[in-house]
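Colleague: I am new to this structure. Could you show it to me before we discuss it?

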Amino acid sequence: GARDFHPLSANFLLPQWVATHWGNYVEGKESVGQIASFDDWRVARTIFVSKDQRTAQRYGLYDDNSPYRFYYSQMLKKMRKIGRLELFKSHRDQPDDEITIEYVLNRLVIAGEPDSVVEQILALSEEVGNFGELVYAGLDWVDPALSVKSMELMAEIVMPKVNAHLGSLGRDDS
């Protein structure tokens, strides 16, 4: 904030940790006599949308060939190796053996059919607070047709519903 950077909270951070970013940004802005705007804050999430829940769960979470599973399994291996598993922990004293790939995927990947993804994004917004932009963190396309369809569903169905809901709450800045 003090350097006029626009924050981007990473897709691999649990929402509870992302929620702490805004206060730090505000503090930085205030330190140089400026006012922070929610419009400047971008929150990245790993998202996969499908027309049906079964495909969303398979491709987005559980299939061995899932690009989402591959990405987070690599992240998990690296964080475990360098002793940084707290990145994925819900509390600092959480036992390391609780941090499994399923644990990580279930907390960091938003996957489902459009209405389910809308609900998950709205829940994220409730937990994190107001932010200006949701960044769709894309991963390698194991199945290009599914990946393209996911982005189309996100743009044409999910975000209009999310924006309409947030706008009805007076939160036009998300």
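Colleague: What does a side-chain oxygen of D52 reach at the start of helix 3?

Modeller: That oxygen comes to within 3.3 Å of the backbone nitrogen of R54. This is a predicted model, where local features need pLDDT of at least 70, side-chain atom pairs count only at pLDDT 80 or more, and totals for chains, interfaces and linings use all residues. Residues are numbered from 1 along each chain as its sequence is written, and side-chain values use heavy atoms, with hydrogens and water left out.

Colleague: Which residues of helix 3 are buried?

Modeller: In helix 3 (residues 53-62), T55, A56, Y59, G60 and L61 are buried (under 20% relative accessible area, 1.4 Å probe, protein chains only).

Colleague: And what covers them?

Modeller: The cover includes strand 2 (42-49), helix 4 (67-81), helix 5 (101-108), strand 3 (109-112) and helix 7 (144-168).

Colleague: At what angle do helix 3 and helix 4 pack?

Modeller: The angle is about 25 degrees, and the axes are 5 Å apart. That makes helix 3 roughly parallel to helix 4 (angles under 35 degrees).

Colleague: Which residues meet there?

Modeller: Y59, G60, L61 and Y62 of helix 3 meet P67, Y68 and R69 of helix 4, with contact meaning heavy atoms within 4.5 Å.

Colleague: Turning to helix 5, how do the axes of helix 4 and helix 5 cross?

Modeller: They come within 10 Å and cross at roughly 120 degrees.

Note on methods. Buried < 20%, exposed > 50% of the residue type's maximum accessible area, 1.4 Å probe, protein only. Helix = DSSP H or I, 4+ residues; strand = E, 2+ residues; numbered from the N terminus. Polar contact = N/O pair within 3.5 Å; in protein donor to acceptor, adjacent residues only side chain to side chain. Axes fitted to C-alpha atoms, helices over the stretch in contact; angles between N-to-C directions. Parallel < 35°, antiparallel > 145°, perpendicular 65-115°, else oblique.
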